[in-house]
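User: I would like to go through this model with you. Could we start with the overall picture and then turn to individual residues?

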Amino acid sequence: MTTVTKRLTVVAVLLITAGAILLSVGALGFRSDEQADANIGAGFALLAGPYIVGLGLVFALSAGLTHLTTRRR
């Protein structure tokens, strides 16, 4: 693996992990709160979490394609 592939893989793992944590925190905050507008952070977490996970998947796909297209020496 080249350094570019390693960096893309690390970024992908970090983004997917951060998105999953954000989704779980948002779901817990949204569920534990009884008032509709009391927890804006939970709504933001539930809104932004899938986009962060998706961005991580894009980085993972680019890491895989980079790994497949580079020549081995």
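Analyst: The answers below begin with the chain as a whole and then turn to single residues. Please note that this is a predicted model.

User: How many helices and strands does the protein chain have?
Analyst: The protein chain has 2 helices and 0 strands. Helix 1 covers residues 3–32, and helix 2 covers residues 40–69.

User: What share of the residues counts as buried?
Analyst: Of the 73 residues in the protein chain, 18% count as buried. The chain exposes about 5,600 Å², and carbon and sulfur atoms supply 69% of that area.

User: And which part of the contacts comes from residues 24 or more positions apart?
Analyst: Such pairs account for 72% of the contacts in the protein chain that have a separation of 6 or more.

User: Turning to helix 2, what does it span from its first C-alpha to its last?
Analyst: Helix 2 has 30 residues and reaches 44 Å between those two atoms, close to the 44 Å expected at 1.5 Å a residue.

User: Where does the kink in helix 2 lie?
Analyst: The kink lies at Ala48, shortly before the proline Pro50, and amounts to about 30°.

User: Is Ala48 buried or exposed?
Analyst: Ala48 is buried, because its relative accessible area is 15%, and the cut-off for buried is under 20%. The C-alpha atoms of Ala48 and Leu23 are 8.1 Å apart, although the two residues are 25 residues apart in sequence.

User: Which other residues of helix 2 are buried?
Analyst: Besides Ala48, the buried residues of helix 2 are Ala42, Ala45, Gly49, Val53, Gly56 and Ala63.

User: Now helix 1. What does Ala12 touch?
Analyst: Ala12, which is in helix 1, touches Gly56, Phe59 and Ala60, leaving aside residues up to four places away in sequence. Gly56 is also one of the buried residues of helix 2. Ala12 itself is buried, with a relative accessible area of 3%.

User: What about Thr5, buried or exposed?
Analyst: Thr5 lies in helix 1 and counts as buried, because its relative accessibility is 2%.

User: Which residues does Thr5 touch, and with which side chain does it make a polar contact?
Analyst: Not counting residues up to four places away in sequence, Thr5 touches Ala63, Thr66 and His67. The side chain of Thr5 makes a polar contact with the side chain of Thr2, at 3.0 Å.

User: Next, Lys6: how does it count in terms of accessibility?
Analyst: Lys6 counts as partly exposed, because its relative accessibility is 45%. Lys6 also lies in helix 1.

Key: Residues are numbered from 1 along each chain as its sequence is written. This is a predicted model: local features need pLDDT of at least 70, side-chain atom pairs count only at pLDDT 80 or more; totals for chains, interfaces and linings use all residues. Side-chain values use heavy atoms; hydrogens and water are left out. Helices (H or I, at least four residues) and strands (E, at least two) are DSSP runs, numbered from the N terminus. Buried means under 20% relative accessible area, exposed over 50%, partly exposed in between (1.4 Å probe, protein chains only). The expected span of a helix is 1.5 Å times one less than its number of residues. The bend at a residue is the angle between axes fitted to the seven residues ending there and the seven starting there. A polar contact is a pair of N or O atoms within 3.5 Å; within protein, one must be able to donate a hydrogen and the other to accept it, and residues adjacent in sequence count only if both atoms are side-chain atoms. Contact means heavy atoms within 4.5 Å. Accessible areas come from the Shrake-Rupley method with a 1.4 Å probe; for residues, only the protein chains shown count as cover.
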